[in-house]
Amino acid sequence: MRMNKESIKEKVRAYVKQNFLLESELIDDKESFTQAGVVDSIGIIELVDFICREFNVDIPEELLSPDNLDSIESVTNLITKLLKNGNK
């Protein structure tokens, strides 16, 4: 699956909005999910599951960190990196 970074970001943003935000809530691409109270530890697990299913990738344990999973931008960068490296 070849996707550009913007289409990946749109899928991540749509998932976060649908599953974690109230109708009127917005979140900036760089805003921390946990600091904004948008995603808790269970939400992170759900997000990881979404990433693996939607983008057909496995996330190596060493990449399962807040740096990679705490904002729309960081998740997009992680997925882009995994797809670029031919992960699966």
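This is a predicted model: local features need pLDDT of at least 70, side-chain atom pairs count only at pLDDT 80 or more; totals for chains, interfaces and linings use all residues.
Residues are numbered from 1 along each chain as its sequence is written, and side-chain values use heavy atoms, with hydrogens and water left out. Local features need pLDDT of at least 70 and side-chain atom pairs count only at pLDDT 80 or more, whereas totals for chains, interfaces and linings use all residues.

Helices are DSSP runs (H or I, at least four residues), numbered from the N terminus. Helix 4 spans residues 72–84. Its 13 residues reach 18 Å from the first C-alpha to the last. This is close to the 18 Å expected at 1.5 Å a residue, where the expected span is 1.5 Å times one less than the number of residues. Buried residues (under 20% relative accessible area; exposed, over 50%; partly exposed, in between; 1.4 Å probe, protein chains only) in helix 4 are I72, S74, V75, T76, L78, I79, L82 and L83. An α-helix has 3.6 residues a turn, so residues three or four places apart point the same way. The cover over the buried residues of helix 4 includes helix 1, helix 2 and helix 3 (66–69). Just after helix 4, G86 adopts a positive phi of about 70°.

Contacts are heavy atoms within 4.5 Å. Leaving aside residues up to four places away in sequence, T76 touches K5, I8, K9 and V12.

Axes are lines fitted to C-alpha atoms, for helices over the stretch in contact, and angles run from 0 to 180 degrees between N-to-C directions. The axes of helix 1 and helix 4 come within 9 Å and cross at roughly 130°. Helix 1 is therefore oblique to helix 4. Angles under 35 degrees count as roughly parallel, over 145 as roughly antiparallel, 65 to 115 as roughly perpendicular and the rest as oblique. The crossing of helix 1 and helix 4 is right-handed. A crossing has this hand if the near helix is turned clockwise from the far one by less than a right angle, and is left-handed if anticlockwise. E10 also lies in helix 1. With a relative accessible area of 39%, E10 is partly exposed. Its C-alpha atom is separated by 9.1 Å from that of I72, 62 residues apart along the chain.

Helix 2 packs against helix 4 at an angle of about 40°, with the axes 12 Å apart. This crossing is right-handed. L47, I51 and F55 of helix 2 meet V75, I79 and L83 of helix 4.

Helix 1 and helix 2 also pack together. Their axes come within 11 Å and cross at roughly 140°. Helix 1 is thus oblique to helix 2. Helix 1 passes helix 2 in a right-handed crossing. On the helix 1 side, the contact is made by I8, K11, V12, Y15 and F20. On the helix 2 side, G43, E46, L47, F50, E54 and F55 take part.

Aromatic residues were then examined. A pair of aromatic rings is described by the distance of the centres and the angle of the planes. Rings of Phe, Tyr and Trp (its six-membered ring) pair if their centres lie within 6.5 Å; planes under 30 degrees apart count as stacked, over 60 as edge-to-face and the rest as tilted. By this rule there are three aromatic pairs. Y15 and F20 are edge-to-face, at 5.8 Å centre to centre and 80° between the planes. Y15 is buried, with a relative accessible area of 12%. F20 is buried at 16% relative accessibility. Y15 and F50 are stacked, at 4.0 Å centre to centre and 10° between the planes. This pair links distant parts of the chain. Y15 belongs to helix 1 (residues 5–20) and F50 to helix 2 (residues 41–55), 35 residues apart. F50 is buried, with a relative accessible area of 6%. Ring pairs join Y15, F20, F50 and F55 into a cluster.

N56 is found in the loop between helix 2 and helix 3. N56 has a positive phi of about 55°, although it is not a glycine. At 43% relative accessibility, N56 counts as partly exposed.

Definitions and conventions
Helices (H or I, at least four residues) and strands (E, at least two) are DSSP runs, numbered from the N terminus.
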